[in-house]
Amino acid sequence: MPFFMNPFRKQDVGDFEGVFVPLAQARRHHSVVSAFDDKKDGQVGGLTEEKKLESPADPANGYSALTVEGLRAEIELDLAASGHDTAYDRKSTVINKAIQDIGMGRYQWSLFALCGFGWLADNMWLQGVALTLPGLSAEFGPSTNQVRYTTCALFIGLCIGASFWGIASDVIGRRLAFNMTLFLAGVFGLAVGGGNSWIGTAGLFSALGVGVGGNLPVDG
């Protein structure tokens with residue numbers, strides 16, 4: 001996968017090696033296969049000989065887990081076991097089965113850690129700004145009531161960031177938008193510690209809020 005992509009060019013699945021895997025070349029997760037085998041044995045084993053011949057999950061009918069017919073057989077058995085058969089149930093079952101087959105590999109753990117930093121920034125700064133107010137009042141001299149506008153500055157940035165990055169992510173893509181919001185949060189989060197006046201620090205908090213507020217709709 002390339003490190004930098006042109007956000008204004010339409011991407012093709014061929015640009016991402018290893019992302020698209022044909023069903024015939026896919027590797028089924030062992031827990032999914034064993035769970036389906038148990039369901040298949042119980043479902044087919046309780047049928048009459050005539051019904052077994054009609055069942056798509058019967059190996060005698062050429063069942064294979066790596067075909068569209070095999071996937072359809074798994075979906076049918078899952079829906080029969082749940083007792084619900086709607087369009088939503090079918091779609092969610094397909095998605096859940098795909099996620100289970102993918103498993104938790106290096107890419108998923110990397111994505112988990114990256115998104116974790118996003119949630120860390122979102123929650124840390126909303127709580128952290130309140131902890132800085134007594135120090136700002138003692139160092140720069142604003143009154144107890146006046147220093148509370150620092151929180152207001154942060155929330156102004158949050159509103160601007162959420163409005164801008166929520167739309168921008170649909171234009172340039174979530175990957176670039178997500179990285180940019182974390183970059184802004186990191187840069188201005190460090191810069192806040194070097195503010196030389198209360199007004200300047202409040203302005204930095206507002207800029208910080210643009211990154212943090214933009215991260216909320218992008219990674220949510």
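Which residue forms a salt bridge with Asp 85, and how far apart are the closest N and O atoms? The partner is Arg 90, and the closest N and O atoms of this pair are 2.9 Å apart. Please keep in mind as we go that this is a predicted model. Asp 85 has a relative accessible area of 48%, so it counts as partly exposed.

Let us stay with Arg 90 for a moment. Glu 76 also forms a salt bridge with Arg 90, with the closest N and O atoms 3.1 Å apart. Because Glu 76 lies in helix α3 (residues 68–82) and Arg 90 in helix α4 (residues 87–102), this pair ties together parts that are 14 residues apart in sequence. How open are the two partners? Glu 76 has 31% relative accessibility and therefore counts as partly exposed. Arg 90, with a relative accessible area of 30%, is partly exposed too.

A further link between these helices involves Lys 97. Lys 97 forms a salt bridge with Asp 78, and here the closest N and O atoms lie 2.9 Å apart. This pair links distant parts of the chain, since Lys 97 sits in helix α4 and Asp 78 in helix α3, 19 residues apart. Glu 74 joins in here: salt bridges that share partners bring Glu 74, Asp 78 and Lys 97 into one network. In total, the structure holds four salt bridges. As a general point, side chains of opposite charge can pair when their charged atoms come close.

Now follow the chain on to helix α6, which covers residues 149–172. How far apart should its ends be? At 1.5 Å a residue, its 24 residues should span 34 Å, and the end C-alpha atoms are 33 Å apart, which agrees. Several α6 residues are buried, including Thr 150, Ala 153, Leu 154, Gly 157 and Leu 158. Further along α6, Gly 161, Trp 165, Ala 168 and Ser 169 are also among the buried residues. What covers the buried residues of α6? The cover includes α5 (106–140), α7 (174–192) and α8 (198–219). Just after α6 comes Gly 173, which takes a positive phi of about 100°.

Definitions and conventions. Residues numbered from 1 in each chain as written. Predicted model: local features only at pLDDT ≥ 70, side-chain atom pairs only at ≥ 80, totals over all residues. Heavy atoms only, no water. Helix = DSSP H or I, 4+ residues; strand = E, 2+ residues; numbered from the N terminus. Expected span 1.5 Å × (residues − 1). Buried < 20%, exposed > 50% of the residue type's maximum accessible area, 1.4 Å probe, protein only. Contact = heavy atoms within 4.5 Å. Salt bridge = Lys/Arg side-chain N within 4 Å of Asp/Glu carboxyl O.
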